[in-house]
Amino acid sequence: MSTKILIIGACGQIGTELTKKLRSIYGVDNVVASDIRKLNIDIVNEGIFEVVNALDYNQIEHLIEQYEITDVYLMAALLSATAEKNPAFAWDLNMNSLFHVLNLAKAGKIKKIFWPSSIAVFGPTTPRINTPQYTIMEPTTVYGISKQTGERWCEYYHNIYGVDVRSIRYPGLISWSTEPGGGTTDYAVDIYHKALKDGKYECFLSEDTALPMMYMDDAINATVEIMQAPSENIKIRSSYNLAGVSFTPKEIAAEIKNHIPDFTISYKPDFRQKIADSWPASIDDSAAQKDWNWKHKFDLASMTVEMLENLK
């Protein structure tokens, strides 16, 4: 039976890139993109697109039956900074959309699920340097709480019902093709836009705030690789740590100055500083390397070249 994919939340930062990649691998007709609203963007105009509410079980079930879907990528979520402004809705969206998909798999309607977790599952009591796969997790944001809870449910549905669900804890993701989506790590996208447009940037985090980051190409490759790995290789059914490169606003600014010598940065930490301080500074992803041969390609220098060239 051929792979037929449904992406829920396809118009988001990760969803747009993931949709393009999956269509290039599995064919345009085998990948159904969906989101709460129809935007005038490539992934909507260049393939099958459906408007779907991730909170509506019947809508999702109908699409799965209509297109004979085998794999669901559930990318719909309210991100860290945005979620803090609307905690009840964030919890509802982040949790119930997951339950719908897990229950559809439990009922045998789909074969495989990808659900993203995040470094937001960690908290101020987690070891911050080289954060291990298994460690203290006491998240302090609604986003982090919902992702940590989701991890437990994924593992439960796998252990009790045999659901083939796979997950990775994304670090901060950096992409040139979509606008920042309301996350705490989004300064590292915005800074490139402002560097080219204004030659200066006011950062909402302090200069020495180190956070784990990853270039979007690496994150998309990891997502595809974990889903293509044989089931027996996926030993962790909560979520895998994933690492790319860790850096501070000061370091990214210095890298940009190599290309735009007159670029300046100033610092005005806001409420997102507290969120960033509760997250890891670097991540140990040796379990992903061992189980499904994960390896990132981009470092800060090569990522900066790509970002500036593409944004120009």
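**The interface of domain 1 and domain 2**

Me: How many residue pairs are in polar contact across the interface of domain 1 and domain 2?
Reply: This is a predicted model, and the pairs counted have both residues at pLDDT 80 or more. Across the interface of domain 1 and domain 2, the number of residue pairs in polar contact is 13.

Me: Which element gives the largest share of the side of domain 1 that touches domain 2?
Reply: Elements that give two or more residues to this side are helix H1 (13-26), helix H4 (80-85), strand S9 (172-174) and helix H8 (216-228). With 5 residues, the largest share comes from H4.

Me: How many charged residues does the side of domain 1 that touches domain 2 have?
Reply: Sorted by class, this side of domain 1 has 12 nonpolar and 13 polar residues. Between domain 1 and domain 2 the count of salt bridges is 0.

Me: What area do domain 1 and domain 2 bury between them?
Reply: The size of an interface is often given as the accessible area lost when the parts come together. Here, 55% of the buried area is on carbon and sulfur atoms. The area buried between domain 1 and domain 2 is about 2600 Å².

Me: Which residues in domain 1 lose the most area to domain 2?
Reply: In contact are 31 residues of domain 1 and 31 residues of domain 2. Three residues of domain 1 together make up 29% of what that side buries. Those that lose the most area are Ile119, Arg128 and Tyr215.

Definitions and conventions. Residues numbered from 1 in each chain as written. Predicted model: local features only at pLDDT ≥ 70, side-chain atom pairs only at ≥ 80, totals over all residues. Heavy atoms only, no water. Contact = heavy atoms within 4.5 Å. Buried area = accessible area lost by both parts, 1.4 Å probe. Salt bridge = Lys/Arg side-chain N within 4 Å of Asp/Glu carboxyl O. Polar contact = N/O pair within 3.5 Å; in protein donor to acceptor, adjacent residues only side chain to side chain. Helix = DSSP H or I, 4+ residues; strand = E, 2+ residues; numbered from the N terminus. Nonpolar A, V, L, I, M, F, W, Y, C, P; charged D, E, K, R; others polar.
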